[in-house]
Amino acid sequence: MKDNDLIINIENLIVHYETEEGTVRAVNGIDLKMKKKRSIGLVGETGAGKTTTALAMLRLIPDPPGVIKNGVIVLNGENILDKSVKEMENIRGKDISMIFQDPMTALNPVFTVGEQIAESIMLHEDVSKKEAYERAKELLEMVGISGNRANEYPHQFSGGMRQRAIIAIALACQPKVLIADEPTTALDVTIQAQVLELINDLMEKHETALLMITHDLGVVAEVCDEVAVMYAGRIVEKGSLEDVFNRTKHPYTEGLFNSLPNIKDRKAKLKPIPGLMPDPTNLPIGCAFSPRCPYANDICREQKPVPRWISSTHMVECSAYDDPSFHIARREK
Amino acid sequence: MDKTNVVTKSSVAASRKYKKNSQLYEIWRNFRKNKGAVLGLTVLSIIIITSIIANFVIDYETQIIRQVVPERLQRPSWKHPFGTDQYGRDILLRILYGSRYSLSVGIVAVMVSLAIGGVMGVIAGYMGGIIENIIMRSCDVFASIPALLLAICITTAFGANTLILMISVGVASVPAFARVARAAVMTVRDNEYIEAARAAGATRMRIMFTHILPNCMAPIMVQTTMRVGSAIITASSLSFLGLGVPPPAPEWGSMLSEGRSFIRDYSYMTMFPGLAIVITVLAINLIGDGLRDAMDPKLKR
């Protein structure tokens, strides 16, 4: 992978929500690199900081109470955290765009679908209303909806069609980075497969980098080239799809896999991870996962783990590997 | 992609059967079901048409303000269905012509408060923080002065004429509009499609006035119609007190005021202008109620 394929480079990103009750440490130092045509899956439980990371990339963190404490997000060689509001409005939608979770609420009910797609074109390109509308029709065709439905309102569309329309809006200006925040959670399984296939196809065609936020490991396996597992605002394991799925290293990742039903042993009970995500206003001193970790020792509870590179692509953040003989129960495949 | 094409083709065929309907059409369909609202709309339409053609059919100089002393204080008859006043002027014609004043004052006043209060409310609701506090607290200050009193202050300060009357009545209901608009914006502001618009790179102004405002139209439209009614009453009250449209113009409020001293012997002189105000305001309120019901999201299937 050459360096000029690098599109986004996030370094040591820290985001806090400063409320009256205390500081919520949502994202605590994240490093992430996104490359052209490559897709990264960001996996983790609810409240792990996945969406906050995505919103930080668009500088859309609700402020107050959200504050980006530290870090750089480099897009095209420039740190977007230094940009003015006006410059940000130009970047959003043009360089980075986002697909939202719930297709039922992500379209404005008072405008036709065509108008909404045309709007995002007109915001960034100097075209007439009519041209933009024609382009909107083409975009609808591209996502598999007949162009003459552009003059219909969102309530006349089904859930799957709305998600397609939202994808069309996100891709209207051919962004370099596409963030998909749980794009299939609100859809049923058959439509899910179609939407994922569509995202995959369009990513190939437009040479977009994709950040797929999800808690569905099946979706990750289907779409992503790389996986980053998030826990309590940290990336605890990161690597290629094979690294994370077949050569799992982190106990938390193991716990996630154990919580999935096993198709070979249908009677087996699910093994959920015991306990809850720690309160982000009051994180443990040591490893954030240590209270729930079956392998945790005293060092885990007292010292923050440091990133450890197992191979050139595979990173894990777990102190237990200080002991060379340590390995988790899940076997390598 | 084969599968997806099949899906879309069949759904396109199915969708052709449905009428392409916008939200406005939906509202109209619900509105039509409400008999009272349709009655109100019919009455108001008649009044509006009357006020428009009155200018062409009735001559202001000879039929509205000319004094005909021999015919003064006549009770209702075939020649003068609503009777005549103390100067012998026909009350029916004066009421018909007077609808021009009441309606225009009511509507323009509400437009003034809608424009000022609506914009203030939208900005307050969307921006939040200090800006919201400044706007809403100054609205509270204005709202603590009774509307009529505020209007009296403005008209006495700037003189009694129709334009000042419109503005003073309008300014008095600015706080009400700001509050309604702010509340409506706050419910729409946090929707995902607003965040989506932001993620697509829309500017703040654009989000406020082209994305949020159309979604707040329901409560604002209801408030607007309802306020036209109360603006007409406020305007008539001011004219009654001699602070509104100056005589001899046949404003309903000032007609009431003129008839006041004759109420014991010639009660028709106050009854008919009073009825005119009541019917107009009632019609407008019926429309407002109908609109509110038609836009109630609970009624949606």
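Q: At roughly what angle do helix α5 (residues 91–127) and helix α12 (residues 217–240) of chain B cross?
A: Helices here are DSSP runs of H or I with at least four residues, strands are runs of E with at least two, and both are numbered from the N terminus. Axes are lines fitted to C-alpha atoms, for helices over the stretch in contact, and angles between N-to-C directions run from 0 to 180 degrees. For α5(B) and α12(B), the axes come within 8 Å, and the crossing angle is roughly 130°.

Q: What kind of model is this?
A: Residues are numbered from 1 along each chain as its sequence is written, while chains are lettered from A and ligands numbered from 1 in the order in which they are written. Side-chain values use heavy atoms, leaving out hydrogens and water; local features need pLDDT of at least 70, side-chain atom pairs count only at pLDDT 80 or more, totals for chains, interfaces and linings use all residues, and the model is predicted.

Q: How are α5(B) and α12(B) set relative to each other?
A: Angles under 35 degrees count as roughly parallel, over 145 as roughly antiparallel, 65 to 115 as roughly perpendicular, and the rest as oblique. The angle for this pair is roughly 130°. So α5(B) and α12(B) are oblique.

Q: Which hand does the crossing of α5(B) and α12(B) have?
A: If the near helix is turned anticlockwise from the far one by less than a right angle, the crossing is left-handed; if clockwise, it's right-handed. For α5(B) and α12(B), the crossing is right-handed.

Q: Which residues of α12(B) make the contact with α5(B)?
A: Contact means heavy atoms within 4.5 Å. On the α5(B) side, the residues include B:L103, B:G106, B:V110 and B:L114. Their partners in α12(B) are B:I220, B:T224, B:R227, B:V228, B:A231, B:I232 and B:A235.

Q: Over in chain A, how far apart are the axes of helix α3 (residues 113–124) and helix α4 (residues 129–142)?
A: These two helices of chain A pack at an angle of about 115°. That makes α3(A) roughly perpendicular to α4(A). Their axes are separated by 8 Å.

Q: How many nonpolar residues are in the contact of α3(A) with α4(A)?
A: Among the residues that meet are A:I117 and A:I121 from α3(A), and A:A132 and A:L139 from α4(A). Ala, Val, Leu, Ile, Met, Phe, Trp, Tyr, Cys and Pro count as nonpolar, Asp, Glu, Lys and Arg as charged, and the others, Gly among them, as polar. By class, the contact has one polar residue, three charged and, for the nonpolar class, ten.

Q: How many of the twelve residues of α3(A) are buried?
A: Buried means under 20% relative accessible area, exposed means over 50%, and partly exposed is in between, with a 1.4 Å probe and protein chains only. The buried residues of α3(A) pack against α2 (85–91), α4 and α5 (159–170) of chain A, together with α11 (204–212) of chain B. The helix is largely enclosed by the rest of the structure, because its buried residues number nine.

Q: Which chain B residue is in contact with A:S120?
A: A:S120 lies in helix α3 of chain A. It is buried, with a relative accessible area of 5%. Leaving aside neighbours within four places in sequence, A:S120 touches A:I169, A:A172, A:C173 and, from chain B, B:A200.

Q: Is A:K94 buried or partly exposed?
A: A:K94 sits in the loop between α2 and β6 (96–99) of chain A. Beyond its neighbours within four places in sequence, its contacts include A:H124 and A:P175. At 41% relative accessibility, A:K94 counts as partly exposed.

Q: What is the phi of A:A232, about?
A: Most residues other than glycine have a negative phi. A:A232 lies in the loop between β9 (226–231) and β10 (234–240) of chain A, and is buried, with a relative accessible area of 7%. Although A:A232 is not a glycine, its phi is positive, about 50°.
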